[in-house]
Amino acid sequence: MSSRSIDVRVYVSDGIEENAYIVRGAASESVVAVDPGGAADALGADLEAGGLRLEAILLTHAHFDHVEGVATLVRRTGAPVYLHPADRPLYDRAAEQAALFGLRVEQPPAPGHALEHGQWIERAGVRFEVRHVPGHSPGHVLLYVPDTGIAFVGDVVFAGSIGRTDLPGGDFHELMRSIREHVLSLPDETVLYPGHGPATTVGHERVSNPFLVPQFGGGLA
């Protein structure tokens, strides 16, 4: 789908149904991949068919379902990988994470670039603002594109729900603080692209999400 001058395509993996995205500015011949999961083969094939260059792989966090396609895409494209350092321990154990769920994931190659709160990254004609939003995982980030009013929020918030906090490194109160300060503070019309499920908006989640409605007044649920 298109959002103003940006093109966003979603690739949903089988089973876990994780959302991977390719993103590019309208006039760009290169793209950025966000959270390439189990649908990375289809994503890579589309890039080759369209003659598009993968300029970067941006990871909102390092749970195995969001990084399982990284090795495939790096092997096919040589694109650099960006990750917040606080999630590096999870990233380095991606294969072990998957094994705990009875699944197999190829261990991804080491990331070459660190994401930091307040950082701006311009790739494929798109300017991303990095916001550190821990709680689901220690190094979780969201990627906000103010020019086009969209944000890639990983597993921080979903349509009608929020990210789980019962995995290693999760913290409910920290997650709710991240959502209040860095999601609900965005304009209501901001489109949120989550790690699972359909896209939604800040305004819709503010008034309808049963986990977030108490946050409108600033208190913890």
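Visitor: Why is R206 called buried?
Guide: R206 has 14% relative accessibility. Buried means under 20%, exposed over 50%, and partly exposed in between (1.4 Å probe, protein chains only). So R206 counts as buried. This is a predicted model: local features need pLDDT of at least 70, side-chain atom pairs need 80 or more, and totals for chains, interfaces and linings use all residues. Residues are numbered from 1 along each chain as its sequence is written, and side-chain values use heavy atoms, without hydrogens or water.

Visitor: What makes D188 and R206 a salt bridge?
Guide: Their side chains meet at 2.7 Å, N to O. The rule asks for a side-chain nitrogen of Lys or Arg within 4 Å of a carboxyl oxygen of Asp or Glu. So the pair qualifies. D188 lies in the loop between α6 (172–182) and β14 (191–194), and R206 in helix α7 (residues 202–208), so the pair ties together parts 18 residues apart in sequence.

Visitor: Why does R53 count as exposed?
Guide: R53 has 51% relative accessibility, so it passes the exposed limit. R53 also meets E55 in a salt bridge (3.6 Å, N to O).

Visitor: What makes α1 roughly parallel to α3?
Guide: Helix α1 (residues 40–50) and helix α3 (residues 70–77) pack at about 25°, with axes 9 Å apart. Under 35 degrees is roughly parallel, over 145 roughly antiparallel, 65 to 115 roughly perpendicular, and the rest oblique. So α1 is roughly parallel to α3.

Visitor: Which residues are linked in a network of salt bridges?
Guide: D41, E48 and R76.

Definitions and conventions: Axes fitted to C-alpha atoms, helices over the stretch in contact; angles between N-to-C directions. Helix = DSSP H or I, 4+ residues; strand = E, 2+ residues; numbered from the N terminus.
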